[in-house]
Amino acid sequence: MGFSTKAIHAAIEPDPTYGSIMTPIHLTSTYVQQELGKNKGYEYARVSNPTRTVLERQIAALEGGNEGLAFASGMAAISTLFALLKSGDHVVASHNVYGGVYRLGQSILTNFNLDFSFVDTTDLDTVRKSVRPNTRMIYIETPTNPTMEITHLAGVAAYAKKKKLISVVDNTFATPYLQNPLEFGIDVVVHSATKYLNGHSDMLGGLIVLNDKETSERLRFLQKSIGGIMSPFEAWMCLRGIKTLAVRMDRHNRNAVDIAEFLAKHRKVKKVNFPGLVSHPQHRLARKQMRGFGGMISFDLGSLDNAKSFLKRVRLCALAESLGGVETLISHPATMTHSFISPEQRKAIGITDGLVRLSVGIEDVEDIREDLKRALAAV
Ligand SMILES: Cc1ncc(COP(=O)(O)O)c(C=O)c1O
């Protein structure tokens, strides 16, 4: 089965009660049991829900894993994942992760005696040198948010296996349509389903996919115990969004290549970060491990003042956090998604004050280009 067919049919059967082709939204907190110890596979909705189950099976099929788990947000999924660890454990993570993950690692999980090293995971030597005797997990984003760095999936996976560490990839930017980390030997994939998977900027969700039975049983236990589960309505919204993922991603890909090339030639733009450009330092690696470059671009306008006047003048591109929806969104990482990171650390990882992040939508590309052109003229 090809990807688009799977996105529409994998794990999805017409409802046996009335034959409705769409998965029903099972709005219930509990399930009536036939007798003590006898039920239809569901007992209490925090533990499991039939709508959520379909989504969990579907994302597992799309990522090529055995088990899927759905959460209330990407951060709920990621927090549950870190609950696999114990006090005294250490995590090596990409220095360029989503700001919320950095905040969780640096200011919350430290209270539970978990230690994080945020390092440049594009360099495998740096990853190796950062691993300590108490390291238990390597957590990467590729491409990273917002500087679009690419980490070598097979290299990290092989090293993690050798050292018996859990390797985790946040696949939010690429989606399973463009990249399947499990195929490269990565242990766990995590998603903010809020972004491309849903694709319409109208829900929050998080997903985890993996193969190892012992770890997935542990995660199921943590999911029901911590309780940050995805609601049945959100699961239905996500299922609905995923059905058009392939067609949306094809358009995001095409539009982003066009916009990245336009920005790269523009004299007001100092630098463009997009793995689809041959000038990107890991362009060849991106070609190898991705089936397209996605819809995310960041670019540097040289100063905070330039970024401010540009952002004030965009019309079609909406100034907003988040990404992956059908509409083009534009943001300023230093003051928005990554404001928690200190100015020194931001500078060290390439998040300059002039950096602007663009989530290229699926509108007519000429309209996006015109909007950017007009706003750039005022810089
Ligand atoms: C790459 C990435 N991972 C995780 C998250 C967190 O997801 P959520 O906002 O659904 O909690 C985000 C949010 O922007 C993100 O961009």
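This is a predicted model: local features need pLDDT of at least 70, side-chain atom pairs count only at pLDDT 80 or more; totals for chains, interfaces and linings use all residues.

Visitor: Why is S322 called partly exposed?

Guide: A residue is buried if 20 or more other C-beta atoms lie within 10 Å of its own, exposed if 12 or fewer, and partly exposed in between, with C-beta atoms placed from the backbone. S322 has 16 other C-beta atoms within 10 Å, and is therefore partly exposed. Its phi is near 80°, a positive value in a residue other than glycine.

Visitor: What makes N113 exposed?

Guide: N113 has 11 other C-beta atoms within 10 Å, so it falls in the exposed class. This residue lies in the loop between α4 and β3. N113 also has a positive phi, of about 60°, although it is not a glycine.

Visitor: Why does A334 count as buried?

Guide: A334 has 22 C-beta neighbours inside 10 Å, and therefore counts as buried. Its place is in the loop between β11 (329-331) and α13 (343-348).

Visitor: Which residues is A334 in contact with, leaving aside its neighbours within four places in sequence?

Guide: They are S339, R346, I351, D353 and L355. Two residues are in contact if their C-beta atoms, placed from the backbone, lie within 7 Å.

Visitor: What makes L372 buried?

Guide: L372 has 26 C-beta neighbours inside 10 Å, so it counts as buried. L372 belongs to helix α14 (residues 365-377). The C-alpha atoms of L372 and R220 are separated by 45 Å, and the two residues are 152 apart along the chain.

Visitor: Which residues of α4 are buried, and what covers them?

Guide: In α4, G99, V101, Y102, L104 and G105 are buried. Their cover includes α3 (74-82), β2 (90-94) and β3 (115-119).

Visitor: How do α3 and α4 pack, and what is the hand of their crossing?

Guide: Their axes are 11 Å apart, at an angle of about 35°. Axes are lines fitted to C-alpha atoms, for helices over the stretch in contact, and angles run from 0 to 180 degrees between N-to-C directions. The crossing of α3 and α4 is right-handed. A crossing is left-handed if the near helix is turned anticlockwise from the far one by less than a right angle, and right-handed if clockwise. M75, I78 and S79 of α3 and G100, V101 and L104 of α4 make the contact.

Visitor: How does that contact divide by class?

Guide: The contact of α3 with α4 has 4 nonpolar, 2 polar and no charged residues. Ala, Val, Leu, Ile, Met, Phe, Trp, Tyr, Cys and Pro count as nonpolar, Asp, Glu, Lys and Arg as charged, and the others, Gly among them, as polar.

Visitor: What is the hand of the crossing of α2 and α9?

Guide: The crossing of α2 and α9 is left-handed. Helix α2 (residues 50-63) and helix α9 (residues 232-242) pack at an angle of about 35°, with their axes 8 Å apart. T51, R52, V54, L55 and Q58 in α2 meet P232, A235, W236, C238, L239 and I242 in α9. By class, this contact has 8 nonpolar, 2 polar and 1 charged residues.

Visitor: Which domains does the domain assignment give, and how many residues are in contact between them?

Guide: It gives domain 1 (3-242) and domain 2 (245-377), the bounds coming from an automatic or database domain assignment. The contact involves 33 residues of domain 1 and 33 residues of domain 2. On the side of domain 1 that touches domain 2, the elements giving two or more residues are α1 (3-9), α4 (99-108) and α7 (175-178). That side has 17 nonpolar, 13 polar and 3 charged residues.

Visitor: Which peptide bond is cis, with omega near 10°?

Guide: The bond from N145 to P146 is cis, with omega near 10°. P146 lies in the loop between β4 and α6. A cis peptide bond also joins T142 and P143, where omega is about -5°.

Technical notes
Residues are numbered from 1 along each chain as its sequence is written. Helices (H or I, at least four residues) and strands (E, at least two) are DSSP runs, numbered from the N terminus.
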